[in-house]
Amino acid sequence: MMGDIDKLEVSIDRDECIGDGACCGDAPETFEMDDEDKAVVKKGSTDDRDTILEAARNCPVDAIKVKDKATGKMLYPED
C-alpha cells in the first residue's frame, strides 16, 4: 500500500526538534528518531496525508513542515 509521502515535501527543523517523539507515535511509518534523538523522515512511508499532517500539528515545537509538492502550497504550518 502506498501512502501520500510522495505527494508531500516533509521536513524537520533539527534545531527546533526537542526529541519529544510524538510524531513517531502519530505517524510511525513516516517518522523515527535517529541516534541524536531527533526526528527524521523515513523513506517509503505508507501513512496517509491526514496522518502526516496530524503528526505535524501535534509537534510541541512546530519543527515539522509539510508542503504539497504538486501545488507548492505549505500545508503546515499554513501560509
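Me: How far is the sulfur of Cys-23 from the closest cysteine sulfur, and which residue holds that one?
Reply: The distance is 4.1 Å, to the sulfur of Cys-24. That is too far for a bond, since a disulfide here is a pair of cysteine sulfur atoms within 2.5 Å. This is a predicted model: local features need pLDDT of at least 70, side-chain atom pairs count only at pLDDT 80 or more, and totals for chains, interfaces and linings use all residues. Residues are numbered from 1 along each chain as its sequence is written, and side-chain values use heavy atoms, without hydrogens and water.

Me: Is Cys-23 buried or exposed?
Reply: Buried, at 9% relative accessible area. Buried means under 20%, exposed over 50%, partly exposed in between (1.4 Å probe, protein chains only).

Me: And Cys-59, what is its nearest cysteine sulfur?
Reply: That of Cys-17, 6.6 Å away. Cys-59 is in no disulfide. Cys-59 is buried too, at 13%.

Me: How many disulfides, then?
Reply: Zero by this rule.

Me: New topic. What is the strand order in the sheet?
Reply: β1-β4-β5, open and antiparallel. Strands are DSSP E runs of at least two residues, helices H or I runs of at least four, numbered from the N terminus. Two strands pair if DSSP finds at least two bridges between them.

Me: Which strands are at the edges?
Reply: β1 (8-12) and β5 (74-76), each pairing on one side only.

Me: How many bridges join β4 to β5?
Reply: Two. Val-66 stands opposite Tyr-76 in β5.

Me: Which helix packs on the sheet?
Reply: Helix α2, residues 49-58. Helix α2 touches β1, β4 and β5, with contact meaning heavy atoms within 4.5 Å.

Note on methods
Axes fitted to C-alpha atoms, helices over the stretch in contact; angles between N-to-C directions.
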